[in-house]
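How do the helices and strands of this model pack against one another? Here is a brief report.

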Amino acid sequence: MKILVTGAKGQLGSELNYLASSYRYNFEFIDREELDLADEERIIPFLENSNPDFIINCAAYTAVDKAEDEPELAKAINITATQKITNYCHNHKKRLIHISTDYVFDGNFEEPINEVAKPNPQSVYGYTKWKGEQVIIDSLNDAYIIRTAWVYSSFGNNFVKTMLRLGSEKKEIKVIVDQIGSPTYARDLAAAILEIIGQIEQENDQPGIYHYSNEGSCSWAEFANEVMRIGKLNCNVKPITTSEYPTKAERPKYSVLDKSKIKSNLPTVSLNDWRLSLKECMKV
């Protein structure tokens, strides 16, 4: 079976590549160099030539603040390219696993968000990812859409690496305390996706929207403190509010994802505590 992974150089794509040798599948990893998803005319011919059985669509326009200034490019990658990939899967009876985000929600929740909660994106990034979900739902009844949040990895640039760098350079840093979420180690998510494919092969096929993150929740400041503790860095994390650190795009204040559905439908998918996964990522 052939699996095509888009966004191969991103955090999740890189973790899938890291795990690939442990699986018997034939993987093809592509990034912008092989297929620029902003070039919509190339997408279908490329996919027809590749002829995968599964597409894991990790690629997205994810520069949250920059998207406010580049809405057309965000739409091209997050909506139009998703539509093309969806059309290919529909017309050729191929399977799609698509990665989405907590940014489809407005963050005005007080308890973990389940899959039937109403999306209400507050940013260009969130809106384009939500519309990407819609084009899949409208055309495919066998796709998996996995919403995740606060992704970090041993690859690429992310919050954990930034905190490690700043923690080694400074005695004190300011980190937001009034945004609450669940960190997600991209390697855990990659393993979950491959487990889902294995379950489909074993005829436990339950497509739809799923929420996935590590277990537990924290603020960004708590997350930063845990990085400092595990990394044994002598750096004080000073909590600040969102209003003290304005950004161009609005961030969800609360984006803890409810994983009840994936636990029920796909119980072999592992959900690790965020602190344990952070320690594993930092290899301490």
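The model is predicted: local features need pLDDT of at least 70, side-chain atom pairs count only at pLDDT 80 or more, and totals for chains, interfaces and linings use all residues. Numbering starts from 1 along each chain as its sequence is written, and side-chain values use heavy atoms, without hydrogens and water.

Helices (H or I, at least four residues) and strands (E, at least two) are DSSP runs, numbered from the N terminus. Six strands form an open sheet in the order β2-β1-β3-β4-β5-β10, with parallel pairing. Strands pair if DSSP finds at least two bridges between them. β2 (26–29) and β10 (208–211) are the edge strands. Twist averages 20° from one strand to the next. β1 (residues 2–6) and β3 (residues 54–57) share four bridges in the parallel sense.

Helix α1 lies across β1, β2, β3 and β4 (95–101), at about 150° to β2. Contact means heavy atoms within 4.5 Å. Axes are lines fitted to C-alpha atoms, for helices over the stretch in contact; angles run from 0 to 180 degrees between N-to-C directions.

| Helix pair | Axis separation | Angle |
|---|---|---|
| α1 (residues 11–20) and α6 (residues 186–201) | within 8 Å | roughly 65° |
| α5 (residues 159–169) and α7 (residues 220–230) | 10 Å | about 60° |

The α5 contact includes Phe-159 and Met-163, and α7 brings residues including Trp-220 and Phe-223. That contact divides into nine nonpolar residues, one polar and no charged.

Technical notes:
Ala, Val, Leu, Ile, Met, Phe, Trp, Tyr, Cys and Pro count as nonpolar, Asp, Glu, Lys and Arg as charged, and the others, Gly among them, as polar.
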